[in-house]
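Biologist: Can you walk me through the charged pairs in this one? I have the structure open next to me.

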Amino acid sequence: MTPDEYCKDKAAKSGSSFYYSFMFLPAQKRQAITALYAFCREVDDAVDEIADPEVAAKTLAWWRTEIAHTFNGTATHPVGKALQVSLQHFELHQEYFMEIIDGMEMDLHQQDYVAFKHLALYCHRVASVVGLLAAEIFGYQNRKTLKYAEKLGLAFQMTNIIRDVREDAERGRIYLPQEDLDRFGVTSADILAFRQSPELTDLLTFEAERARQFYLEAKTALPEEDRYEQRTGLIMSAIYETTLDELEREGFQVMKHRVSLTPIRKLWLAWRTARKEKKYAQ
């Protein structure tokens, strides 16, 4: 298996919405974004799939070293080798990869967040920074597009947090800010006990509106001349916003089951969005 095949397999097996958006990219950009996504999966799995925190921390430390090797041309892991190829074509900053690892490392030491401003740092590291790297791969003319990428990453992560409340609670983590729990009368014990309640529905409705505001701010920030190049992000946005709509339609019953779109629906949304954005091609 080649490094690129490894990354493609990693992306496909995840079942992520991101995979469907990559299909509409030219080969060179598709190779680079798939390698980036595979890296994100690797470091995320190091935290989520490794039960021993010390082993997880050592794995993340190993990835810090591997990224350093990747940027000096001596990568040993298939993902690092695939990223080395992408570095020949795109200006990807090493510090961004390190910041993503910083975000994953927060999960080893922090299980809850007092206020949204603290959660925002986590979201920036694990999602917005990925968006900034992706924007470099997709291409842009106007630097305002970086603001779009940052806000879109924040919107995606908030959507994930809403959808995955139970899954995160099973790992002992609560990403919903304590100030918001207090405001709506939801306790940490409620979350950790997987208690579905009207109060939780009200809380998640509030968080969904926050996420929608970030989607709006992202789209408002995207310059028209960069829409076509950034169509992959817009495809992802269509899929994520539809997921948020489905969560709301079901009354945010996140403790009872996990809401996800079918592969065929994701593919249809991807095709429809790509077709819509084609009019912006220059």
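Modeller: The structure holds 26 salt bridges. Keep in mind that this is a predicted model.

Biologist: What do the side chains of K10 and E42 do?

Modeller: They meet in a salt bridge, at 3.6 Å from N to O. The pair links distant parts of the chain, with K10 in helix α1 and E42 in helix α3, 32 residues apart.

Biologist: Is E42 buried or exposed?

Modeller: E42 is buried, because its relative accessible area is 11% and the cut-off for buried is under 20%.

Biologist: And which helices do R64 and D102 sit in?

Modeller: Their side chains form a salt bridge too, at 2.6 Å from N to O. R64 is in helix α4 and D102 is in helix α6, 38 residues apart. R64 is partly exposed at 22% relative accessible area, and D102 is partly exposed at 25%.

Biologist: How far apart are E207 and R210 in helix α12?

Modeller: They are 3 residues apart, about one turn of the helix. Their closest N and O atoms are 3.0 Å apart in a salt bridge. E207 counts as buried at 0% relative accessibility, and R210 counts as buried at 18%.

Biologist: Switching topic, where is T201?

Modeller: T201 lies in helix α12, which covers residues 198-221. T201 is buried, with a relative accessible area of 19%.

Biologist: What does the side chain of T201 reach?

Modeller: The backbone oxygen of G251, at 3.4 Å. Leaving aside neighbours within four places in sequence, T201 is in contact with Q196, G251, F252 and Q253.

How values were computed. Residues numbered from 1 in each chain as written. Predicted model: local features only at pLDDT ≥ 70, side-chain atom pairs only at ≥ 80, totals over all residues. Heavy atoms only, no water. Helix = DSSP H or I, 4+ residues; strand = E, 2+ residues; numbered from the N terminus. Buried < 20%, exposed > 50% of the residue type's maximum accessible area, 1.4 Å probe, protein only. Polar contact = N/O pair within 3.5 Å; in protein donor to acceptor, adjacent residues only side chain to side chain. Contact = heavy atoms within 4.5 Å. Salt bridge = Lys/Arg side-chain N within 4 Å of Asp/Glu carboxyl O.
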